[in-house]
Amino acid sequence: MVSGSDLELALDHVRADMAGPVAGVFGPDTVTWQIDREAVIFLGAGRALLLQLAHPWVAAAIAEHSKTLADPIGRFHRTFDIVFAMVFGSLDRALLSSRQLHRRHSMIVGEMPETVGPFAAGSRYCANDIPSLRWVHATLVETALMAHDLVLPPLSAENRERYWTESRTFGALFGLTGDDLAADWADFAAYTAAMAQSDTLTASPAAREIAAQIFGGARPWLRPPRWYRALTASLLPERLRVGFRFELDERDERAAENALRWIRRVYPKLPDRLRYVGPYQEAQARLRGEPQPDWMTRCLNRVWIGQCFLVIASVAKQSRLFPWQQPGLLRRKGSSQ
């Protein structure tokens, strides 16, 4: 388990490796910013979610403690609000999000309603359990790089190693230590491959129900397009794709291939303002010393995190630098996954 004191020790290491108080934990020269700024990484969002659901503790926690089914867009926004704050926020904002996530996870405890894989009915789960956190962290890291490499030139071996080194720092924001994570990319790849084949990951009834609600679309207007469902299914390990009861016929495969072909042709030509996510653009504005993001960045942040401001407004509120920032004008909801 990651306790509050464990988290603070991990955050001490984050401070030691940070880019700077304004740049934050990573900064513009990191491979993490290079990858996570790309909107194309959301091609992998469905895969990451399903791999997390395949962990029975995660599926049980979401089923019993989350509003995902009632508010799927809200969960999307809350999740990426936290992730983008950690990656693109100032140091204070990243540490604040880390502590918010830990507090939220500390309230997610319960008992398995039924036996799933190696987890017996009645056994206890907690969202701050180290193996669960390690797996959630792994799904985010691996899938972001996979989605990046689907469309853009793959990273070199050197940059891939740098990416993993930086991802270990990202893991520290979850409270994970160097001993909890693989030492290098090869060990990390071995870990994810072993997990994909282990009985730890199982498409439980709860996981299948959540996946069916999200990808099948209890609300038709929220249903992902056919090509996206097909692409997500194709990126899963075979046994988990079968476990989630995703079927891929020739029409599905053709839809995914055509979509990828079009994205690969068009995406690299997009202007940076459309290609890079709003929180990255906001971070760049902060580094330039601009007092607030422009209207387009605010609109993009509505898409990615459900609100206009992520980093600058938070800093402004804390430092009272900007006269237009009045108490209550910009109210942030409590973050939760």
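Which residue's backbone oxygen lies 2.8 Å from a polar atom of the side chain of His137?

First, some ground rules. You're looking at a predicted model, where local features need pLDDT of at least 70 and side-chain atom pairs count only at pLDDT 80 or more, while totals for chains, interfaces and linings use all residues. Residues are numbered from 1 along each chain as its sequence is written, and side-chain values use heavy atoms, with hydrogens and water left out.

**The whole chain.** Show it as a cartoon: there are 17 helices and 2 strands (DSSP runs numbered from the N terminus, H or I of at least four residues for helices, E of at least two for strands). Of the 337 residues, 53% count as buried (under 20% relative accessible area; exposed is over 50%, partly exposed in between, with a 1.4 Å probe and protein chains only).

**The core.** Now select Leu53, Val151, Tyr163, Phe170 and Phe244, the residues with the most contacts inside the largest nonpolar core, which has 83 residues. Such a core is a set of buried Ala, Val, Leu, Ile, Met, Phe, Trp, Tyr and Cys residues joined through side-chain atoms within 4.5 Å. Helix H7, residues 130-151, gives the most to this core, with 11 residues. Apart from it there's another core of 9 residues, including Ala60 and Tyr125.

**His137.** Stay on H7 and pick His137. It is buried, at a relative accessible area of 0%. And here's the answer to the opening: the backbone oxygen belongs to Ser167. Beyond neighbours within four places in sequence, His137 is in contact (heavy atoms within 4.5 Å) with residues including Trp164, Phe170 and Leu181.

**Last stop.** Which loop holds Arg245? Look between helix H12 (238-243) and helix H13 (250-266). Arg245 has a positive phi of about 65 degrees although it is not a glycine, and at 62% relative accessibility it counts as exposed.

Note on methods: A polar contact is a pair of N or O atoms within 3.5 Å; within protein, one must be able to donate a hydrogen and the other to accept it, and residues adjacent in sequence count only if both atoms are side-chain atoms.
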